Amino acid sequence: MYLTLNGLRPTPAESVKLVSSEPVVAPAVESRQPAAPIQAETTEVPKVQAPAPAVDLQAQAYPVIEHWRQAWSARDIDQYLASYSDNFVPADGASRAAWAEARRKNFASRDSIAVSVRGLTAEADGEDAIKVYFQQDYASGRYRESGQWKTLVLQREDAGWRIVAETQSGPG
């Protein structure tokens, strides 16, 4: 319905108020008895598990890598070897025992060792493993090696995270 006043229509900018000549009547209200209280059902509500918090793999891997690095730099062969799993397989295919003996000889022949790690990144490698990439700087006597990429695979064991694989390669 349009209102016209002296033949003019209101513009959209103008405000129009419609007034009805019929009285407003409130709807009739029925009288009801109060409803019976709602009984709680005795069935258990299924529990919803909250999603597991995101795991910071880098935060889990860092202390393991740092322990390994410190043991190596301190020439503490026992702590260094303890960083490796009994299931560790050397990249050259040697047995773990032969590899460990070679590492013992190498440590004994060095007067000093300095190892640093930079650019550490970590990613999941299966359910209980972390693949860790970093650049390693190594110095012993006159020998220096800088920026060598290394990849370590850590496996969760009863005693904690241990190295199960090691390669001289970076991500990708």
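**Charged pairs, a pocket and rings**

Biologist: What separates R69 and E66 in helix α1 (residues 57-73)?

Modeller: About one helical turn, because R69 and E66 are three residues apart in helix α1. Helices are DSSP runs of H or I with at least four residues, strands are runs of E with at least two, and both are numbered from the N terminus. The model is predicted: local features need pLDDT of at least 70, side-chain atom pairs count only at pLDDT 80 or more, and totals for chains, interfaces and linings use all residues. Residues are numbered from 1 along each chain as its sequence is written, and side-chain values use heavy atoms, with hydrogens and water left out.

Biologist: Why is the contact of R69 with E66 called a salt bridge?

Modeller: The closest N and O atoms of R69 and E66 are 2.7 Å apart. A salt bridge needs a side-chain nitrogen of Lys or Arg within 4 Å of a carboxyl oxygen of Asp or Glu, so the pair qualifies. Both R69 and E66 are buried. The structure holds five salt bridges.

Biologist: What makes D128 and R156 a salt bridge, and which parts does the pair tie together?

Modeller: The closest N and O atoms of D128 and R156 are 3.4 Å apart, so the pair meets the cut-off. D128 lies in the loop between β1 (114-124) and β2 (129-140), and R156 in strand β3 (residues 143-157), so the pair ties together parts that are 28 residues apart in sequence.

Biologist: Why is D128 called partly exposed?

Modeller: The relative accessible area of D128 is 32%. Buried means under 20%, exposed over 50%, and partly exposed in between (1.4 Å probe, protein chains only), so D128 falls in the middle class. R156, at 43%, is also partly exposed.

Biologist: How much space lies in the largest pocket, and what makes a pocket?

Modeller: The largest pocket holds about 380 Å³. Of its 19 lining residues, the closest to the centre are W72, R103, K150, E166 and Q168. Elements giving two or more residues to the lining are α3 (96-108), β2 and β3, and α3 gives the largest share, four residues. On a 1 Å grid over the protein atoms alone, a pocket is an open set of points where a 1.4 Å probe fits, with protein on both sides within 12 Å along at least five of seven lines, and lining residues have an atom within 4 Å of a point.

Biologist: Why is the ring pair of Y80 and F107 called tilted?

Modeller: The search finds 11 aromatic pairs. For Y80 and F107, the ring centres are 4.8 Å apart and the planes at 50°, so the pair is tilted. Rings of Phe, Tyr and Trp (its six-membered ring) pair if their centres lie within 6.5 Å; planes under 30 degrees apart are stacked, over 60 edge-to-face, and the rest tilted. Both Y80 and F107 are buried.

Biologist: What makes the pair of Y84 and F88 edge-to-face?

Modeller: The planes of Y84 and F88 stand at 70°, with the centres 4.8 Å apart, so the pair is edge-to-face. Y84 is buried at 2% relative accessibility, and F88 is buried at 4%.

Methods:
Grid points are joined across faces, edges and corners, and a volume is the space filled by probe spheres set on the points.
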